[in-house]
Amino acid sequence: MRLTFRDATLNDAPIIAALHNAAAGALTARFGEGHWSSLVTERGTAAAQRHSRVRVGRSGKRILTVLRLATKKPWAIDVSYFTPVKRPLYLTGVTVAVTHQGQGLGRLALEDAIEVARNWPADAIRLDAYDADAGAGPFYAACCFVESGRVVYKGNPLSYYELLLR
């Protein structure tokens with residue numbers, strides 16, 4: 001399947017929220033309750049566009065992937081675990097439509113994010129993933145991100161990953 005990528009608009013907020021919430025529900029059904037069970041609102045997804053660059057992947061008119069890139073460090077990231085760089089970007093909210101997971105769309109979305117980051121310009125992409133069965137750490141490792149540390153933040157075990165761009 002081929003996707004086209006673009007920056008999200010405020011009109012996309014309802015679809016993005018539905019995509020995130022469906023994925024959270026699927027993870028909860030498969031792995032039980034956890035931090036990944038948290039739901040988002042349309043208002044919250046719209047607000048994210050003020051503080052980050054939100055990218056959507058579409059097949060035709062249907063949004064199938066979403067992710068956020070931001071210069072501001074998320075609360076759960078401890079920079080001491082990462083390679084020092086001048087211009088890191090933080091990747092959050094990576095979501096693929098439940099009906100299309102396992103088809104390579106997440107990898108395509110990351111490839112788009114890497115291209116966006118190189119043009120930003122950024123020196124690295126940093127992220128955290130749940131260090132649990134519901135976590136996407138093995139996926140990020142398969143996409144050339146390198147694990148840089150493991151922590152427990154507010155009771156949630158996390159793995160940190162980075163991709164150096166320069």
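Tyr-140 is buried, with a relative accessible area of 8%; buried means under 20% relative accessible area, exposed over 50%, and partly exposed in between, with a 1.4 Å probe and protein chains only. Tyr-140 touches Leu-91, Val-94, Leu-110, Leu-127, Ala-129, Phe-145 and Tyr-161, leaving aside residues up to four places away in sequence; contact here means heavy atoms within 4.5 Å. The model is predicted, so local features need pLDDT of at least 70 and side-chain atom pairs count only at pLDDT 80 or more, while totals for chains, interfaces and linings use all residues. Residues are numbered from 1 along each chain as its sequence is written, and side-chain values use heavy atoms, with hydrogens and water left out.

**Aromatic pairs**

- Rings of Phe, Tyr and Trp (its six-membered ring) pair if their centres lie within 6.5 Å; planes under 30 degrees apart count as stacked, over 60 as edge-to-face and the rest as tilted.
- By this rule the count is seven aromatic pairs.
- One of them joins Phe-82 and Tyr-160 in a tilted arrangement, 5.1 Å centre to centre with 35° between the planes.
- That pair links distant parts of the chain, 78 residues apart: Phe-82 sits in the loop between strand 3 (62-70) and strand 4 (88-96), and Tyr-160 in strand 7 (residues 156-164).
- Phe-82 and Tyr-160 are both buried.
- Tyr-140 and Phe-145 form an edge-to-face pair, with 5.9 Å between centres and 70° between the planes.
- Phe-145, like Tyr-140, is buried; the relative accessible area of Phe-145 is 3%.
- Phe-139, Tyr-140, Phe-145 and Tyr-161 are linked into a cluster by ring pairs.

**Nonpolar cores**

- A nonpolar core is a set of buried Ala, Val, Leu, Ile, Met, Phe, Trp, Tyr and Cys residues joined through side-chain atoms within 4.5 Å.
- The largest such core has 20 residues, of which Leu-69, Leu-91, Ile-125, Tyr-140, Phe-145 and Leu-165 touch the most other members.
- At least two residues of this core come from each of strand 3, strand 4, helix 3 (105-119), strand 5 (124-130) and strand 7.
- Helix 3 gives the most to this core, with six residues.
- Another core, of 12 residues, lies apart from it, and includes Leu-3, Ile-16, Val-54 and Leu-64.

**Fold and overall dimensions**

- The protein has four helices and seven strands; helices (H or I, at least four residues) and strands (E, at least two) are DSSP runs, numbered from the N terminus.
- Along the sequence the pattern reads β-α-α-β-β-β-α-β-α-β-β.
- With 166 residues, a compact globule would have a radius of gyration near 15 Å, and the protein agrees, at 15 Å; the radius is taken over C-alpha atoms, and the globule rule is 2.2 Å times the number of residues to the power 0.38.
- The C-alpha trace spans about 40 × 40 × 30 Å along its principal axes.
- Of the 166 residues, 44% are buried.
- Among contacts with a separation of 6 or more, 69% are between residues 24 or more positions apart.
- The accessible surface is about 9,000 Å², and 53% of it belongs to carbon and sulfur atoms; areas come from the Shrake-Rupley method with a 1.4 Å probe, and for residues only the protein chains shown count as cover.

**Cysteines**

- The structure holds zero disulfides; a disulfide is a pair of cysteine sulfur atoms within 2.5 Å.
- The sulfur of Cys-143 has its closest cysteine sulfur in Cys-144, at 7.2 Å, which is too far for a bond.
- Cys-143 is buried, at 7% relative accessible area, whereas Cys-144 is exposed, at 57%.

**Other local sites**

- In helix 2 (residues 42-51), the residues Thr-45, Ala-46, Ala-47, Ala-48 and Gln-49 are buried.
- Those buried residues of helix 2 pack against helix 1 (13-31), strand 2 (53-59) and strand 3.
- Thr-71 lies in the loop between strand 3 and strand 4 and is exposed, with a relative accessible area of 53%.
- Not counting residues up to four places away in sequence, Thr-71 touches Pro-88, Leu-89, Tyr-90 and Trp-120.
- The C-alpha atoms of Thr-71 and Leu-89 are separated by 4.9 Å, although these residues are 18 residues apart along the chain.
- Asn-156, in strand 7, counts as buried at 19% relative accessibility.
- Asn-156 touches His-35 and Val-151, not counting residues up to four places away in sequence.
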